[in-house]
Amino acid sequence: MSTSTDAGTSERPNYDDEFDGIVVGAGLAGSAAALTMADRGLDVLLIERGAKPGSKNVFGGVCYTPTIRELIDIEEAPLERYVAEKRYSMLSHDDETAVSLRPGEWLREPHNDSYTVLRGTFDEWFAERAVEEGATLITETTVTGLLNERGSVVGVETDRPDGAIRAPYVVLAEGGNSLVSEGAGLKPTETRENVAVAAKEVLEFPGRDGVIEDRFRLFDDAGAAYNYFGEGAVGDAFGGGFIYTNSDTISVGVAYRIEDAAAHGQSPEETLNAFKTHPAVAPLVRDARTVEYSAKTIPEGGAESVPELVHDGAVIVGDAAGLVLNNGVHLEGTNMAVESGYHAGDAIVRASEDGRTSAAALRSYPEALEESFVVRNLERYAWLQEAVEDDRELLFEDLPRAFADAGTTYFRMDREAKDEHGERAKRAILDALGGWRGAAKLALRYRKVVT
Ligand SMILES: Cc1cc2nc3c(=O)[nH]c(=O)nc-3n(C[C@H](O)[C@H](O)[C@H](O)COP(=O)(O)OP(=O)(O)OC[C@H]3O[C@@H](n4cnc5c(N)ncnc54)[C@H](O)[C@@H]3O)c2cc1C
């Protein structure tokens with residue numbers, strides 16, 4: 001079996017019928033699946049359309065590593081910083097009300113398995129681990145469709161000169177923009193209300209050593225994950241903004257529902273620029289230079305939009321299967337991608353032991369996923385999307401403003417007594433919430449986000 005990397009060379013070998021399995025996409029889900037299958041003795045072909053794994057990948061981002069850590073040694077992984085602080089900010093037009101968490105435990109190994117990474121380097125490193133286990137990686141190759149015989153997937157069509165490559169199993173790990181799975185009718189096209197659009201910039205601070213540590217109050221490899229919501233972040237759209245610290249750069253971005261983007265007539269780039277000028281954000285990005293700009297969609301349909309995961313001869317993993325949790329407090333997809341890739345790879349290894357390729361033979365994949373944190377977490381927050389939509393104005397406009405007004409009033413320095421300030425601050429919040437009854441209703445409705 002070949003263990004080489006064929007990066008679009010002119011002398012292309014013929015891979016037809018050479019492999020037990022083909023993985024479409026060398027992102028986190030694809031490499032996890034390839035690594036699992038190769039490690040257990042299968043011949044695997046990992047196909048990536050980018051010049052190298054990760055070169056086409058966009059994310060915030062914090063990579064959550066509990067599953068990767070189980071699969072391989074991550075000591076040598078290209079991690080940027082561990083997350084020492086999580087900060088949640090409500091932004092109104094020009095105010096910020098924030099809560100920050102810096103638990104001592106996060107300073108110590110394994111740092112809550114939360115690290116900022118740059119996907120260009122991290123995905124390449126992870127795919128190399130699959131190659132080390134024996135997988136063959138080919139880059140600059142796009143899968144354009146699936147080969148189908150009598151209702152069963154039997155390989156892929158590619159844009160290589162030799163075109164079609166047959167293999168008994170295909171793992172669809174193509175990310176959120178899953179044209180191959182959709183084109184083959186293995187999953188429905190995502191509806192607009194289930195998709196968020198994201199714009200992100202990587203910023204550097206030329207000639208300003210130590211500026212990230214100073215601005216974000218960090219030392220050594222400690223990093224920060226700042227999350228923002230409210231009208232000052234993305235207007236009244238359902239979504240938010242973020243800043244994550246890398247070693248020498250910061251990642252700044254916005255993500256919000258594509259439907260809101262269309263309704264507001266504001267491009268993601270304009271929304272990101274407005275976010276960067278908010279008085280609470282501008283000092284953090286002052287004098288920075290943009291070194292990378294990217295935009296991407298995120299599947300956010302949650303548990304209800306997860307498609308059928310197994311088909312005769314094929315499985316769907318990661319973002320292609322809609323496995324992303326975004327509930328305002330947690331934005332997690334990396335851990336779900338790796339977990340799903342692992343279980344899919346494991347199911348293929350089991351099915352291949354007695355040469356079966358049917359969907360029924362691959363059922364241990366969805367079954368394992370249902371037992372795992374992936375489906376359990378998605379199901380736990382399945383109700384959230386609709387609730388937030390109903391309360392959108394309250395959550396993204398009225399409450400950030402009310403909290404800012406209450407804070408300003410409570411701490412006002414004038415000649416009034418503090419009990420009058422306190423009373424007015426309380427009124428500002430209660431008025432926004434619709435009195436004590438409204439506050440109780442809201443707390444009851446959203447208690448599951450944090451408990
Ligand atoms: C702006 C943004 C911020 C995010 N922030 C976070 C965060 O902070 N933490 C977190 O955990 N998650 C975050 N996510 C989600 C996370 O990035 C994804 O859940 C995760 O990357 C999914 O991995 P994947 O392998 O399924 O897909 P991807 O990472 O999208 O990988 C898919 C791969 O398939 C390749 N490919 C696609 N089509 C083809 C084809 N036809 N042929 C060959 N190759 C193909 C692509 O080039 C790519 O390499 C964020 C997402 C976005 C967009």
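The tour goes from the domains to the ligand, then to the core, and ends in some loops.

Before selecting anything, note that residues are numbered from 1 along each chain as its sequence is written. This is a predicted model, in which local features need pLDDT of at least 70 and side-chain atom pairs count only at pLDDT 80 or more, while totals for chains, interfaces and linings use all residues.

**The domains**

Begin by colouring domain 1 (5-78 + 118-190 + 302-371), domain 2 (192-299) and domain 3 (384-450), with bounds that come from an automatic or database domain assignment. The C-alpha centres of domain 1 and domain 2 lie 29 Å apart. Their contact takes 14 residues from domain 1 and 17 residues from domain 2, where two residues are in contact if their C-beta atoms, placed from the backbone, lie within 7 Å.

**The ligand**

Which domains give residues to the shell around the ligand? Domain 1 and domain 2 both do, so the ligand lies between them. Now select the 41 residues around the ligand, of which Gly25, Gly27, Gly175, Gly318 and Gly333 come nearest; a residue is near a molecule if its C-beta atom, placed from the backbone, lies within 6 Å of it. By class, this shell has 20 nonpolar, 13 polar and 8 charged residues, with Ala, Val, Leu, Ile, Met, Phe, Trp, Tyr, Cys and Pro counted as nonpolar, Asp, Glu, Lys and Arg as charged, and the others, Gly among them, as polar.

Select helix H1 (28-39) next, which gives the most to the shell around the ligand, with 3 residues; helices (H or I, at least four residues) and strands (E, at least two) are DSSP runs, numbered from the N terminus. Within H1 you will find Ala33, which is buried, with 37 other C-beta atoms within 10 Å. A residue counts as buried if 20 or more other C-beta atoms lie within 10 Å of its own, exposed if 12 or fewer, and partly exposed in between. Leaving aside neighbours within four places in sequence, the contacts of Ala33 include Val171, Val317 and Gly341.

Then show the largest nonpolar core, which has 128 residues; such a core is a set of buried Ala, Val, Leu, Ile, Met, Phe, Trp, Tyr and Cys residues joined through C-beta atoms within 7 Å. Helix H10 gives the most to this core, with 9 residues, and 16 of the 20 residues of H10 are buried.

**Strand S13**

Move to Leu203 in strand S13, which counts as buried with 20 C-beta neighbours inside 10 Å. The C-alpha atoms of Leu203 and Val285 are separated by 7.8 Å, although these residues are 82 residues apart along the chain.

**The loops**

Select Pro110, in the loop between strand S6 (96-101) and strand S7 (114-116), and look at the peptide bond from Glu109 to Pro110, which is cis, with omega near 0°. In the loop between S6 and S7 you will also find His111, which has a positive phi of about 55° although it is not a glycine.

Finish at Arg217, in the loop between helix H5 (211-216) and strand S14 (222-229). Is Arg217 buried or exposed? With 12 C-beta neighbours inside 10 Å, Arg217 counts as exposed.
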